[in-house]
Amino acid sequence: MFKKVLIANRGEIALRVIRACKELGLATVAVYSEADRESLHVRFADDDVCIGRPPARDSYLNISRLIAAAEITGADAIHPGYGFLAENGEFADTVRASNITFIGPTGEQIRQMGDKAAARKLAHKLKVPTVPGSPGLVADADAGLKVAAKIGYPVIVKAAAGGGGKGMRVAADEDQFTQSFGLAKQEALAAFGSDEVYLEKYLSRPRHVEIQVMGDNHGRVMHLCERDCSVQRRHQKLIEEAPSPAVDQTLREDVGEAAVRLASEIGYVGAGTVEFLLDEDGSFYFMEMNTRIQVEHPVTEMCTNFDLVKEQIRVAAGEPLSFVMNGQRLRGHAIECRVNAEDPARNFQPSPGVVTAYHPPGGPGVRVDTHIYAGYTVPPFYDSLLAKVIVHGNSRDEALARMRQALDSFIIEGVTTTIPFLSRVMRHPDFVAGRVDTKFLERAPQLLTGQE
Ligand code: ADP
C-alpha cells in the first residue's frame with residue numbers, strides 16, 4: 001500500500017479523497033492555488049503545497065508543478081479527482097514515469113476512451129449498440145451533410161475530444177447544418193485544442209443512464225448498476241439517482257453486461273463510467289466512457305454500501321477487487337442534488353462571493369459532500385459547485401421526502417444558490433413520478449424562476 005497520497009484537485013472531491021485516505025491510514029498532500037489558501041482540503045491534509053496562481057492553467061493544470069509537489073513531499077501516489085487533469089493521458093503517463101502511482105487507468109486506456117469517435121468504433125466492433133451516426137470523424141460540412149441526410153434530422157455534431165457538454169451543436173435541418181457544424185468545430189478547438197467532430201442522430205427524448213464499472217489488475221471488471229442523470233441543463237447534469245426509475249432488472253443486466261464488455265476489452269483498471277442514452281422504446285445506445293471517478297458517484301455508494309474512492313486506491317495499489325457484484329446488492333434508492341452558486345432565474349449566472357451563514361442538513365440517510373463553511377469565499381475561477389446533497393431511503397418516495405426536507409433546511413447565505421430551484425424540481429409531478437428525460441427542464445421553464 002502507499003504511504004502518502006497527493007490529491008491533484010480542489011473543492012469537495014479533494015476532501016472526499018482525503019477522507020478515504022485517512023480511513024485507509026494513508027498520509028495526504030493537498031495542493032492549492034493562491035485562490036484556495038483558505039480551503040478545507042488544505043486544512044485537513046497532512047501536508048500542503050501552493051502550486052501557483054488562481055487560473056487553473058497556472059496551478060491545477062500544471063503537470064510539472066504537481067509532480068514537483070509530489071516529489072518534495074514524498075508522495076508515492078497521485079489521485080486526480082474529476083475534472084482538471086483526471087482524463088489527461090499525458091498526466092497519467094508522466095506521473096508513472098516519475099515513479100509515482102497514478103490512481104486511475106493507464107494513459108493508453110484514457111486515450112482510447114477520450115477520443116469519443118474512436119470509442120464509438122470500439123463499441124461498434126464489440127456489438128454494443130451506438131446511436132446511428134457517422135462511422136468515424138467527419139472531415140467537412142459537405143461530408144457531414146451527406147451523413148446527416150442518411151441518418152435523418154435532427155442531428156448532433158459532437159467534438160471527438162468533448163466533455164462537460166462543450167463542443168456539441170444540434171442541427172434541426174439541412175439549412176442549419178453548416179452553421180451548427182462550424183460552431184461545434186470552433187467551440188471544440190477553443191475548449192479542447194482539437195476541432196475533430198463526428199455526427200449522431202439527435203434523439204428527441206432520451207434518458208441519460210450510465211453504468212459504474214470498476215476493474216482491477218487481476219483481470220476482473222464488475223459493474224455496480226446504473227445511475228440516471230436525465231435532469232440536465234445544456235447537456236450538463238444537475239440531479240442524479242440510483243437506481244433509474246426507467247430500468248428494470250432485465251435491462252440492468254443487458255446494459256451492465258454491455259458496459260463490462262467494453263471496459264474488459266481494454267483491460268480497464270480503476271473506476272469508470274460507461275454512459276448510455278436510453279430511448280423511449282427501451283433501446284439503449286453507448287455514448288462515451290469516462291475514465292475517472294464522477295461527481296455523482298455517491299448515489300452508487302449509498303445504494304451499494306461500497307466506498308468507490310477507497311476501492312480506487314486499493315486497486316491502484318495492486319489489490320484485487322474486494323468483492324465482485326454485477327448488478328446485485330442494490331438496496332433502497334439514492335438521489336443527489338448538485339448545489340451551485342448560481343442564479344437559475346438569470347440563466348444560471350455564477351454568483352461567487354462570501355458565504356456569510358452556513359448550516360447543512362442532517363438526519364438519517366442524509367449526506368453532504370462539500371468544502372464550504374461560514375466565512376468561506378467562493379472564488380470566481382473554478383466551477384460553481386458548492387455542495388452535493390445525497391439522500392438514501394428504503395424507497396424512492398422516502399428518498400424524495402428526505403431530499404425535500406434536506407434542501408428546505410439547508411442554510412447557505414451570502415451567495416445565490418440553486419437550492420430553491422432543486423426543491424421545486426423535487427415537487428414537480430413529472431419528477432416525482434420518475435417521468436423525466438434530458439429535455440425535462442426545457443419543457444418546465446417555470447422551475448427556474450419559481451413563477452407559474
Ligand atoms: P459530454 O462528454 O460533453 O458530457 P456526452 O456525449 O456525455 O457529452 O453527452 C452529454 C449529454 O448530451 C447527454 O447526457 C445528452 O443529454 C446529450 N446528448 C448527447 N448525445 C445525444 C444524442 N445523440 N441525442 C440526444 N441527446 C444527446
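I looked up Asp430 first. In this predicted model, Asp430 counts as partly exposed because its relative accessibility is 24%. Buried would need under 20%.

I then checked its partner. Asp430 forms a salt bridge with Arg435, and the closest N and O atoms are 2.8 Å apart. Arg435 counts as exposed, at 53% relative accessibility.

Next I looked for linked salt bridges. Glu210, Arg227, Lys237, Glu240, Glu275, Glu296 and Arg338 are joined into one network through shared partners.

I picked out one pair there. The side chains of Glu210 and Arg227 meet in a salt bridge at 2.7 Å, N to O. Glu210 sits in strand S9 (residues 207-215) and Arg227 in strand S10 (residues 221-233), so I noted a link between distant parts of the chain, 17 residues apart. Both Glu210 and Arg227 are buried.

How many salt bridges are there by this rule? I noted a count of 33.

I turned to Lys116 and Glu288. Their side chains form a salt bridge at 3.9 Å, N to O. Lys116 is in helix H6 (residues 116-125) and Glu288 in strand S13 (residues 284-290), so this pair ties together parts 172 residues apart in sequence. Both residues, Lys116 and Glu288, are buried.

Last, I looked at Glu342, in strand S15 (residues 342-343). Glu342 is buried but has no salt bridge. The side chain of Glu342 does make a polar contact with the side chain of Ser384, at 2.7 Å. Glu342 also touches other residues, including Phe348, Pro350 and Thr417.

Technical notes
Residues are numbered from 1 along each chain as its sequence is written. This is a predicted model: local features need pLDDT of at least 70, side-chain atom pairs count only at pLDDT 80 or more; totals for chains, interfaces and linings use all residues. Side-chain values use heavy atoms; hydrogens and water are left out. Helices (H or I, at least four residues) and strands (E, at least two) are DSSP runs, numbered from the N terminus. Buried means under 20% relative accessible area, exposed over 50%, partly exposed in between (1.4 Å probe, protein chains only). Lys and Arg count as positive and Asp and Glu as negative; His and the chain ends are not counted. A salt bridge is a side-chain nitrogen of Lys or Arg within 4 Å of a carboxyl oxygen of Asp or Glu. A polar contact is a pair of N or O atoms within 3.5 Å; within protein, one must be able to donate a hydrogen and the other to accept it, and residues adjacent in sequence count only if both atoms are side-chain atoms. Contact means heavy atoms within 4.5 Å. Lists of a residue's contacts leave out its neighbours within four places in sequence.
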